[in-house]
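Thanks for coming, everyone. I'll take you through one structure, step by step. Have a look at it first.

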Amino acid sequence: MGVSPAYTVRVAEDPADREACFAVRKEVFVAEQGVAEDIEYDAYDAVAVHVLAVREDGVPLGTGRLLHGEAAVAKTGGDPAVGSLGRLAVSRAARGLGVGAALVRAIEDAARARGLTAVDLHAQTHALGFYERLGYEAYGPEFPDAGIPHRAMRRTL
């Protein structure tokens, strides 16, 4: 194979970027993993910071979101200084290119810019190693979310 195309990661500011984020989530979570569409999208989408990875030619490759402030409190044990990383999804064609790690780092940058001191996430158990390599530590028991086993993880920024 040739060299993979370059991509950029940015905060999804405009409606087209947000739609691209939702399209990647639908591809990965709804189509691939069988998550019900009515639980994939939620009220937090309106207040979250969404990040988007886009190939040079404009094709969306991945997305993730950061919840902060009141939106994150229920997911982070009540600490307002901790953000919640979620809905991290990379399209099948872009896996293995570093897109997921670049998205996590962009979400951490967004968290730092908002004065947060740590980021929590709920990782699908098959992805624990990925997050551990990025400095996250698992805590608490395994639990189901949308019928998929998860563990809580945290990284201090």
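A word before we start: this is a predicted model. Let's begin with the core. The largest nonpolar core has 26 residues, and L85, Y131 and Y136 touch the most other members. Which elements give two or more residues to this core? They are β2 (49-55), β3 (60-67), β4 (82-90), α4 (99-113), β5 (118-124) and α5 (128-133). The most comes from α4, with seven residues. As a general point, nonpolar side chains in soluble globular proteins tend to be buried together.

Now pick out Y136. Leaving out residues up to four places away in sequence, Y136 touches L85, V104, E108, V119, L121, Y131, M153, R154 and R155. So keep in mind that L85 and Y131 sit on that contact list, given that contact means heavy atoms within 4.5 Å.

Next, helix α4 itself. It has 15 residues. From first C-alpha to last, α4 reaches 21 Å, close to the 21 Å expected at 1.5 Å a residue. Which of its residues are buried? In α4 they are V99, G100, L103, V104, A106, I107, E108, A110 and A111. Just after α4, G115 takes a positive phi of about 80°.

On to the largest pocket. Its volume is about 930 Å³. The pocket is lined by 38 residues, and F29, R87, L88, Q124 and Y131 lie nearest its centre. Several elements give two or more residues to the lining: α1 (15-32), α2 (37-40), β3, β4, α4, β5, α5 and β7 (148-156). Which one gives the largest share? That is β4, with seven residues. By type, the lining divides into 20 nonpolar, ten polar and eight charged residues.

Stay with R87 for a moment. R87 lies in strand β4. Beyond four places in sequence, R87 touches R25, F29, I39, E40, D42, T63, G64 and R65. Take E40 from that list. R87 and E40 are 47 residues apart along the chain, yet their C-alpha atoms are separated by 8.5 Å.

Now D120, in strand β5. Buried or exposed? D120 counts as buried, because its relative accessibility is 1%. The cut-off for buried is under 20%. Not counting residues up to four places away, D120 touches K75, T76, V82, G83, S84, L85, Y139, M153 and R154.

T76 lies in the loop between α3 (70-73) and β4. At 4% relative accessibility, T76 counts as buried. Its contacts beyond four places in sequence are V82, G83, S84, D120 and R154.

Last stop: L66, in strand β3. L66 has 0% relative accessibility, so L66 counts as buried. Setting aside residues up to four places away, L66 touches A48, V49, G83, S84, I107, A110, A111, R114 and L116. L66 and V119 are 53 residues apart in sequence, and their C-alpha atoms are 8.7 Å apart in space.

To recap: L85, Y131 and Y136 touch the most other members of the largest core. And β4 gives the largest share of the pocket lining.

Definitions and conventions. Residues are numbered from 1 along each chain as its sequence is written. This is a predicted model: local features need pLDDT of at least 70, side-chain atom pairs count only at pLDDT 80 or more; totals for chains, interfaces and linings use all residues. Side-chain values use heavy atoms; hydrogens and water are left out. A nonpolar core is a set of buried Ala, Val, Leu, Ile, Met, Phe, Trp, Tyr and Cys residues joined through side-chain atoms within 4.5 Å. Buried means under 20% relative accessible area, exposed over 50%, partly exposed in between (1.4 Å probe, protein chains only). Helices (H or I, at least four residues) and strands (E, at least two) are DSSP runs, numbered from the N terminus. On a 1 Å grid over the protein atoms alone, a cavity is a set of points where a 1.4 Å probe fits but cannot get out, and a pocket is an open set with protein on both sides within 12 Å along at least five of seven lines; lining residues have an atom within 4 Å of a point. Grid points are joined across faces, edges and corners, and a volume is the space filled by probe spheres set on the points. Ala, Val, Leu, Ile, Met, Phe, Trp, Tyr, Cys and Pro count as nonpolar, Asp, Glu, Lys and Arg as charged, and the others, Gly among them, as polar. The expected span of a helix is 1.5 Å times one less than its number of residues.
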